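Dear colleague,

I am handing over the structure shown below, together with an account of what was found in it. Please read the notes with the sequence and the coordinates open beside them.

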Amino acid sequence: MAAHTHNDGHAHGHADHHGHGELQMGHHHVSSTAMFTNVLMVLLVLTIVTVAVSRFDFGGANMLIAMGIASVKASFVILFFMHLKWDTAINKITFLCSFVFLSLLFIFTLADQATRRLDHDIHVVKTKVDKQWVHPSTLSGK
Amino acid sequence: MTTNVPVIDAHPTVPGLPKNYLNCSRGFMSWAGTLDHKRIGIMYLIGTLLTFLAGGVFALLVRLHLWEPHGMLFTNEKYNQIFTLHGAFMVFLFVIPAIPGALGNMVLPLMLGAKDVALPRLNLLSFYLWLSGAVLATLAIVLGGFDTGWTFYAPYSLYTNQAVVTIGLAIFLLGFSSIFTGLNFIVTTHKLRAAGLTWFRMPLFVWAIYATAILQVLATPVLGITVLLVAFERLYHIGIFDPRLGGDPVLFEHFFWFYSHPAVYIMVLPAFGIISETVSVHSRKPLFGYKLIAFSSLAIAIISFLVWGHHMFTSGQSTYAMFAFSFLTFFVAIPTAIKEFSWVATIWKGSIALNSPMLYTLAFLIIFAIGGLTGVILGALNVDLHLHDTYFVVAHFHYVMMGSIALAFFAGLHHWWPKMFGVIYDETLAKIACGIIFVGFNITFVPQFIMGSQGMPRRYATYVDEFHGYHQVSTIGAMILGSGVALMVYYLVASLLQRKPAMENQWGGVTLDWQTPTPPPLENFYAPPKVTHEVYDYSTLDLKTLQRPVS
Amino acid sequence: MSHDGHHSVVIPAPGPEFVPHTVAHHFDTPVQEFQSLKLGFWLFLATEILLFGGLFAAYFYYHDLYPETFREGGRLLSWKLGALNTSVLLASSWTMAMGVRSAQTSQKKKTLIFCGLTVLGAAAFMVVKFFEYKSKHDHGLVIFTELFSGYDEAAKQLPWFKDYDGAMANVPHGHMFFAIYLTMTAIHGIHVLIGAGLILWIMKGTAKGRFHAGYYLPVDLVGLYWHLVDLIWIFLFPLLYLVP
């Protein structure tokens with residue numbers, strides 16, 4: 001049976017690679033302790049950076065910067081701790097897909113929210129009645 | 001596609017009598033604890049058919065109530081509960097799980113030449129999650145019912161004094177049942193294909209189930225978190241869907257339709273898969289546009305994530321978002337039309353055998369053309385503003401869900417029934433039932449298109465007198481449809497009791513599911529199959545073996 | 001029971017303190033079994049991402065709608081405790097990765113130690129979380145004892161959000177931040193507990209010698225789950241404690 005494809009994307013010759021794992025489970029990659037420790041150090045430093053940049057106000061870029069740093073940290077966890085760097089193509093695609101499709105939820109939902117405001121602005125300009133914009137959903141809270 | 005191993009022979013030279021998956025072990029636990037994909041498929045089949053019948057009874061009650069403009073049977077509140085039950089049972093307990101759970105489980109590993117699905121324990125867990133969901137949903141009826149419609153729109157679902165948390169939990173469990181089924185099929189398709197079974201030699205049913213599985217895995221978790229958030233709203237008022245607390249109910253609709261629009265394709269893609277099989281086998285002709293059909297399944301899966309806002313044209317969504325969603329919606333029509341045309345082209349100049357699965361298939365092709373095209377009409381923003389929440393919408397999605405998906409399910413059920421049980425039903429009755437269902441269905445829903453275009457709103461317990469005639473015709477149609485389904489249930493059950501043996505290869509299929517004994521043995525194949533021919537290659541079909549009844 | 005005359009494949013144990021692993025009957029090779037289960041688990045992790053994704057979408061939606069509420073709310077959380085918990089989880093991710101590595105290299109004792117340290121990390125995380133929740137409770141920002149009391153229709157008030165200090169008095173819908181904070185951290189916390197339970201289960205199997213270089217798949221998968229818990233927290237920390 002077995003139409004499985006063998007792993008092609010894995011790095012041979014890494015620090016202490018154990019051949020017998022390959023023979024028995026088809027799995028392959030054993031990372032070095034030093035690599036894991038280095039990744040941990042990077043993550044801790046980036047945590048400090050996260051806190052540090054939150055002290056400064058970059059205006060609208062605040063969220064982008066915070067999420068950018070978090071994404072770099074996340075990439076380190078995914079690639080090294082979760083071994084995705086050495087995993088099969090289909091596993092990489094699978095995990096990547098979850099973020100791609102999640103971004104669709106974000107993009108359309110937030111675009112609706114953002115452009116609804118635009119809708120309202122146009123309405124306000126047209127009628128020239130109410131200059132102060134109030135989002136409909138805040139009205140009920142008063 | 002045939003194999004170079006003569007596995008079609010039901011009496012292989014292995015010691016002992018050949019036992020099939022049905023008689024290899026006995027007793028309650030041999031079923032309740034089974035890891036065999038075929039037995040799990042049978043359990044799904046029984047379960048989903050029972051919920052289909054329950055949902056059907058609710059539908060008939062709705063139609064009976066609407067016989068008179070002021071309602072015949074229920075109070076308005078009770079009517080709200082009955083149509084909600086009809087929707088929730090049909091969507092979550094029947095349409096979504098039926099084809100993947102029952103037929104997918106039964107056939108997919110056979111088509112791949114595998115001994116089982118990749119994760120048999122998870123498969124059994126999926127079934128029990130489905131069962132728990134079904135039990136909880138039934139419990140919710142006892143606990144006071146629920147009247148929110150199957151869509152659970154906030155804020156009404158947050159305020160109504162009914163068993164919304166219970167049904168929410170049921171849907172959470174059903175969601176994970178669906179996720180695990182999809183996950184299992186993706187892994188099985190990737191890792192357990194027989195030797196020589198390349199991606200483009202896979203039957204199109206497998207492609208369809210695979211595309212469905214992608215949707216199940218990627219969309220359903222959002223439904224899970226949405227029903228959890230509704231439950232949290234009711235339990236401790238987080239406020240994110242509750243306008244009293246500064247929340248926005250439109251966000252609920254975004255979350256809900258992010259799942260529920262792809263869910264439409266979770267329901268319909270497996271139906272497409274069945275039709276691809278039945279059209280080819282009963283026309284004894286390779287599918288026209290094999291690769292186009294395969295890729296169109298994937299295209300539909302992806303596009304379905306980009307169009308959910310077309311359910312929200314009257315919700316207060318921004319005009320700009322509506323433009324985008326309406327525009328993107330039309331793209332779904334392209335891969336869908338590719339399929340419809342390819343099926344019709346497959347039949348053309350084929351050696352058509354009007355067996356009952358083929359009759360159901362032809363009924364599907366006609367009804368789906370209407371169901372699909374009215375969907376395009378509703379995707380047009382300006383038209384939908386008029387038709388939104390009218391019977392036009394009801395008729396449209398019943399043409400898709402009942403007329404297309406349920407009929408495709410019946411086509412698949414009749415197609416693989418001899419494979420599953422080794423018995424054949426009464427073909428004459430089957431043909432009659434198919435005719436009754438087709439006629440009854442159209443009588444039910446054509447008047448609803450007309451009423452809807454004239455402004456009859458959906459989900460109302462009463463209506464103005466001018467719609468009286470349409471409603472009465474629709475109710476009569478529903479009764480005809482119901483009697484057709486009753487006849488079908490009768491002859492299918494009777495076939496199990498009469499035990500008239502089926503043929504080894506009842507319809508002359510050449511995919512791997514027809515290359516194993518009927519019914520299949522426990523691990524499906526006596527020898528690991530090896531695929532050496534292209535898919536749907538009927539030239540090598542051994543006509544003599546078709547005539548041999550199963551022992 | 002196999003009809004095709006093939007017997008199930010057995011992966012031998014690398015030493016007397018380990019037990020061999022029998023490949024499930026419907027797989028032909030250990031590679032097929034390994035890859036199938038691993039792909040299945042990555043798919044499961046993808047569903048977790050989308051499940052949490054809904055919560056993140058809600059966060060961004062209301063962050064956009066009520067920026068002041070989120071800014072003020074974020075100030076009331078202790079970023080120091082948040083940073084401490086971030087470090088604890090990152091460190092526990094390291095110990096988990098080391099635990100998987102030890103299983104891959106058949107080092108039973110080291111596997112147990114590293115998995116044990118990871119469980120300790122989970123415990124430390126939950127203890128810090130407890131004190132955080134308690135502080136929110138004491139300030140009337142999330143009154144846990146009143147959580148399920150229902151919305152007070154007459155007073156138009158949420159019983160679980162009293163804001164004793166008036167810290168959120170000048171922003172609209174102050175409860176919104178804390179509702180999202182509570183929901184996200186509680187669901188994350190449940191994942192921490194499930195993860196810790198799974199690691200304990202792995203330790204039991206390791207003690208019995210079930211996991212070794214020939215077969216360490218369950219350790220690997222539980223490790224992936226634990227890293228996912230860490231991954232989600234990496235995003236929660238800046239969003240909740242250092243609201244941008």
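This is a predicted model: local features need pLDDT of at least 70, side-chain atom pairs count only at pLDDT 80 or more; totals for chains, interfaces and linings use all residues.

B:Gly149 sits in the loop that links helix 4 (120–142) to helix 5 (156–159) of chain B. Apart from neighbours within four places in sequence, the residues in contact with B:Gly149 are B:Thr84, B:Gly87 and B:Arg459. Between B:Gly149 and B:Gly239 there are 90 residues in sequence and 21 Å in space, taken from C-alpha to C-alpha.

The loop between helix 4 and helix 5 of chain B also holds B:Pro155. The peptide bond that leads from B:Ala154 into B:Pro155 is cis, and its omega is near 0°. As background, most peptide bonds are trans, and most residues other than glycine have a negative phi.

Another cis peptide bond is found between B:Thr518 and B:Pro519, with omega about -15°. B:Pro519 belongs to the loop between helix 15 and helix 16 (543–546) of chain B. B:Asn524 lies in the loop between helix 15 and helix 16 of chain B, and its phi is positive, near 80°, although B:Asn524 is a residue other than glycine. B:Asn524 counts as buried because it has 27 C-beta neighbours inside 10 Å, and 20 or more are required. B:Tyr536 is placed in the loop between helix 15 and helix 16 of chain B. B:Tyr536 is not a glycine, yet its phi is positive at about 55°. With 22 other C-beta atoms within 10 Å, B:Tyr536 is buried.

Helix 15 of chain B

Helix 15 of chain B covers residues 468–498, and its 31 residues should span 45 Å at 1.5 Å a residue; the C-alpha atoms at its ends are 45 Å apart, so the two values agree. Which residues of helix 15 of chain B are buried? They are B:Tyr470, B:His471, B:Ser474, B:Thr475, B:Gly477, B:Ala478, B:Leu481, B:Gly482, B:Gly484, B:Met488, B:Leu492 and B:Ser495. An α-helix has 3.6 residues a turn, so residues three or four places apart point the same way. The cover over the buried residues of helix 15 of chain B includes helix 2 (37–65), helix 13 (391–421) and helix 14 (427–453) of chain B. After helix 15 of chain B comes B:Arg499, which has a positive phi near 55°.

A helix pair in chain B

Helix 9 (residues 290–303) and helix 10 (residues 319–347) of chain B pack with their axes 9 Å apart, at an angle of about 155°. Helix 9 of chain B is therefore roughly antiparallel to helix 10 of chain B, since the angle is over 145 degrees. The crossing of helix 9 of chain B with helix 10 of chain B is left-handed. On the side of helix 9 of chain B, the contact is made by B:Leu292, B:Ile293, B:Ser296, B:Ala299, B:Ile300 and B:Ile303. Helix 10 of chain B contributes B:Phe331, B:Val332, B:Pro335, B:Thr336, B:Ile338, B:Lys339 and B:Ser342. By class, this contact has 9 nonpolar, 3 polar and 1 charged residues.

Chain A has 5 helices and 0 strands, in the order α-α-α-α-α along the sequence. Of the 142 residues in chain A, 30% are buried. Among contacts in chain A between residues at least 6 apart in sequence, 32% link residues at least 24 apart.

In the contact of chain A with chain C, 49 residues of chain A meet 49 residues of chain C. On the chain A side, helix 1 (19–25), helix 2 (33–53), helix 3 (61–81) and helix 4 (89–127) each supply at least two residues. The largest share, 14 residues, comes from helix 4 of chain A. The chain A side divides into 26 nonpolar, 22 polar and 1 charged residues.

The contact between chain B and chain A takes 26 residues from chain B and 21 residues from chain A. Helix 6 (164–191), helix 7 (204–236), helix 8 (249–283) and helix 10 of chain B each give at least two residues to the chain B side. Helix 10 of chain B gives the most, with 3 residues. The chain B side comprises 14 nonpolar, 8 polar and 4 charged residues.

With kind regards

Note on methods. Residues are numbered from 1 along each chain as its sequence is written. Chains are lettered from A and ligands numbered from 1 in the order in which they are written. Axes are lines fitted to C-alpha atoms, for helices over the stretch in contact, and angles run from 0 to 180 degrees between N-to-C directions. Helices (H or I, at least four residues) and strands (E, at least two) are DSSP runs, numbered from the N terminus. Angles under 35 degrees count as roughly parallel, over 145 as roughly antiparallel, 65 to 115 as roughly perpendicular and the rest as oblique. A crossing is left-handed if the near helix is turned anticlockwise from the far one by less than a right angle, and right-handed if clockwise. Two residues are in contact if their C-beta atoms, placed from the backbone, lie within 7 Å. Ala, Val, Leu, Ile, Met, Phe, Trp, Tyr, Cys and Pro count as nonpolar, Asp, Glu, Lys and Arg as charged, and the others, Gly among them, as polar. The expected span of a helix is 1.5 Å times one less than its number of residues. A residue is buried if 20 or more other C-beta atoms lie within 10 Å of its own, exposed if 12 or fewer, and partly exposed in between; C-beta atoms are placed from the backbone.
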